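User: I am new to this structure and would like to know what stands behind the words used for it. Please set each value against its definition.

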Amino acid sequence: MLDYEKEAGDYDALRGGEARAEAAARAVLGLTPGGAGRLLDVACGTGIVTRRLAAARPRLRVTGVDLTPAMVGMAAARLPGAVVRADSRRLPFPDAAFDAVTSIWLLHLLDDPEDVRTVVAECARVLRPGGVYVTTVDKAAAHDVGSDIDAVLADRPRRPAADAAATVTEHAVRHGLRPAGETVFRGTGQGRSPRSAIADLRRGWFTVLPPGGPRTEEFAARLARLPDQDRPRADPSFRVCAFRRPAAV
Ligand SMILES: C[S@@+](CC[C@H](N)C(=O)[O-])C[C@H]1O[C@@H](n2cnc3c(N)ncnc32)[C@H](O)[C@@H]1O
């Protein structure tokens, strides 16, 4: 996983900024019942999405939780008193405490498949009957938009997607949730150009291609031969799934 302590300062600018945050918040709220009273944003990061969730529905009490101190510091500045530092594998909240729980761009980061199961279980545990869990799935696949850059990167080594929709659904169902719809949001401004893809490679964003490694530099050289080095290709579209805890009978 990237070192989010180091990423925090540039995080918002490098991840599509406010336009991406707005699109992500709209997707989450579109899958969250209007009457929801308490929402937990798991792995809230800098709070760029979290604060939009809170602003869009003034009657929604929003709490953010994240593990990385620098990210928590930025989120807490945006949402004073509403951000907690904690591990999403052990959420510090009682059972059934929230009407909605969301995790945007978390599950794909988890290296150990058992962690994905544990996080989904924790999100389900803190959800009240009738509540909804909304999460991104298949994150890495979203970046493949069929461009010339993707053609160059097609044969790169990859690790299996930790956040595959089928896997996340299986965990959710095992922990008492039922599929309850899905949507996508646009990663506005996140379309790659050859030059930005080279920078991402050298930053270590392609987790199995270490910065400075010979294969990494091979891909960088191939990307450097593409035309229009600074022209961004299409924006990615990120998939978001919702799961509901059935209401008590
Ligand atoms: C890609 S960022 C997403 C942030 C935010 N949801 C957004 O969409 O902007 C991933 C975040 O997950 C957090 N994170 C990683 N592992 C975590 C864990 N086990 N528990 C809580 N947060 C975690 C990182 O600190 C980072 O802030």
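Analyst: A residue is near a molecule or strand if its C-beta atom, placed from the backbone, lies within 6 Å of it. By that rule 18 residues surround the ligand, and the closest are Ala-43, Gly-45, Leu-67, Thr-68 and Ser-88. This is a predicted model, in which local features need pLDDT of at least 70 and side-chain atom pairs count only at pLDDT 80 or more, while totals for chains, interfaces and linings use all residues. Residues are numbered from 1 along each chain as its sequence is written.

User: How do the residues of the shell around the ligand divide into nonpolar, polar and charged?

Analyst: Twelve are nonpolar, three polar and three charged. Here Ala, Val, Leu, Ile, Met, Phe, Trp, Tyr, Cys and Pro count as nonpolar, Asp, Glu, Lys and Arg as charged, and the others, Gly among them, as polar.

User: What makes Ala-96 buried, exposed or partly exposed?

Analyst: Ala-96 has 15 C-beta neighbours inside 10 Å, so this residue counts as partly exposed. Val-84, in strand S3, has 16 such neighbours and therefore counts as partly exposed. In the loop between H2 and S1, Gly-35 has 10 other C-beta atoms within 10 Å, so Gly-35 is exposed.

User: How do you know whether Val-62 is buried or exposed, and what does Val-62 touch?

Analyst: Val-62 belongs to strand S2 (residues 61–66). With 25 C-beta neighbours inside 10 Å, Val-62 counts as buried. Two residues are in contact if their C-beta atoms, placed from the backbone, lie within 7 Å. Not counting residues up to four places away in sequence, Val-62 touches Leu-39, Asp-41, Thr-50, Leu-53, Ala-54, Leu-79 and Ala-82. With the same exclusion, Val-84 is in contact with Thr-63, Val-65 and Pro-92.

User: Why are the buried residues of helix H4 said to line one face?

Analyst: The buried residues of H4 (residues 69–78) are Met-71, Val-72, Met-74 and Ala-75. Seen down the axis of H4, they fall within an arc of 165 degrees, so they line one face of the helix. The arc is that of the directions from the helix axis to the C-beta atoms. Exposed residues Pro-69 and Ala-77 are carried on the face turned away from the buried side. The buried residues of H4 are covered by elements including helix H1 (4–14), H3, S2 and S3.

User: What makes the buried residues of H9 line one face?

Analyst: In H9 (residues 194–203) the buried residues are Pro-194, Ala-197, Ile-198 and Leu-201. Down the axis of H9 these residues fall within an arc of 100 degrees, and therefore they line one face. An α-helix has 3.6 residues a turn, so residues three or four places apart point the same way. The cover over the buried residues of H9 includes helix H7 (148–153) and helix H10 (214–224). Just after H9, Gly-204 takes a positive phi of about 90 degrees.

User: What is a nonpolar core, and how many residues does the largest have?

Analyst: A nonpolar core is a set of buried Ala, Val, Leu, Ile, Met, Phe, Trp, Tyr and Cys residues joined through C-beta atoms within 7 Å. The largest has 55 residues, and those with the most contacts inside it include Ala-24, Val-28 and Val-101. Helix H2 (residues 17–30) gives the most to this core, with seven residues. A second, separate core has eight residues, among them Ala-197, Ile-198, Leu-201 and Leu-209.

Notes
Buried ≥ 20, exposed ≤ 12 C-beta atoms within 10 Å, placed from the backbone. Helix = DSSP H or I, 4+ residues; strand = E, 2+ residues; numbered from the N terminus.
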